[in-house]
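User: Could you take a close look at one part of this model for me, the sheet and whatever sits around it? I'd like the pairings, the turn and the charged contacts in one connected account.

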Amino acid sequence: MKQEEKTIYNFQKGDSITRIKPIIYQDGEKDFTFVGKQLTFMGIANASVYLSKEADMLTSLFTGKDKFTIQLPIETCKTGWADYIEPDFLEEGDELFIDDEEKIKKKINNALSEEDYELAERLKKKLEEIRKNGEK
């Protein structure tokens with residue numbers, strides 16, 4: 001799956017984007033932080049790129065926020081972007097690799113509505129496991 005590299009100026013507010021190349025700073029250091037991560041483009045202002053990202057479970061638990069805003073200096077990250085593509089291997093049958101409680105709850109409801117009780121049971125066990133690990 002080849003993604004076409006774009007500049008940050010190619011995106012509109014609300015686009016789902018990702019880094020496909022690391023940010024390279026003046027000292028040559030490479031920052032792979034956002035490579036492959038799903039981000040939402042919010043806009044460009046004040047020489048900065050504004051993005052939002054869904055909070056992981058721990059961040060959400062401690063801050064109470066589902067999303068947070070990221071501000072990057074535009075000079076360091078003009079290029080190296082692409083439209084975010086959901087990986088093919090996560091589409092079917094990989095529900096047990098999801099660690100977001102809300103997504104698992106939706107998958108459970110879908111499985112129950114389709115009368116796939118076996119999948120619903122596996123997802124319930126996964127949900128219990130996530131909740132147990134979050135309490136530690």
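Analyst: Ile17 stands opposite Asp83 in β7, and that is a handy place to start. β1 and β7 pair in the antiparallel sense over three bridges; two strands count as paired if DSSP finds at least two bridges between them. Helices (H or I, at least four residues) and strands (E, at least two) are DSSP runs, numbered from the N terminus.

Before going on, a word on what you're looking at: this is a predicted model, where local features need pLDDT of at least 70 and side-chain atom pairs count only at pLDDT 80 or more, while totals for chains, interfaces and linings use all residues. Residues are numbered from 1 along each chain as its sequence is written, and side-chain values use heavy atoms, with hydrogens and water left out.

By salt bridge I mean a side-chain nitrogen of Lys or Arg within 4 Å of a carboxyl oxygen of Asp or Glu. Both ends are partly exposed, Lys6 at 21% relative accessibility and Asp83 at 33%. For those labels, buried is under 20% relative accessible area, exposed is over 50%, and partly exposed is in between (1.4 Å probe, protein chains only).

On to the other pairings of β1. Strand β1 (residues 16–19) pairs with β4 (residues 39–45) in the antiparallel sense over two bridges, and Ser16 has Thr40 of β4 as its bridge partner. β4 in turn pairs with β5 (residues 48–54), antiparallel again, over five bridges; here Ala45 is bridged to Ser48 in β5.

Most residues other than glycine have a negative phi. Asn46, in the loop between β4 and β5, has a positive phi of about 55 degrees although it is not a glycine. Ala47 is found in that loop too, with a positive phi of about 60 degrees, and it isn't a glycine either. Asn46 is exposed at a relative accessible area of 69%, and Ala47 counts as exposed at 56%.

Now put the strands together: five of them form an open sheet in the order β6-β5-β4-β1-β7, with antiparallel pairing. β6 (67–73) and β7 (81–83) stand at the edges with a single partner strand each, so one side of each has no neighbour in the sheet. Neighbouring strands are turned by 45 degrees against each other on average, direction ignored; axes are lines fitted to C-alpha atoms, for helices over the stretch in contact, and angles run from 0 to 180 degrees between N-to-C directions.

As for charged contacts elsewhere, a search of the whole structure finds four salt bridges. One of them joins Glu75 and Lys78, with the closest N and O atoms 3.4 Å apart; Glu75 is exposed at 61% relative accessibility, whereas Lys78 is partly exposed at 31%. Another joins Glu118 and Arg122 at 3.3 Å between the closest N and O atoms. Those two are four residues apart in helix α3 (residues 117–135), so about one helical turn separates them. Glu118 is exposed, at 59%, and Arg122 is partly exposed, at 38%.
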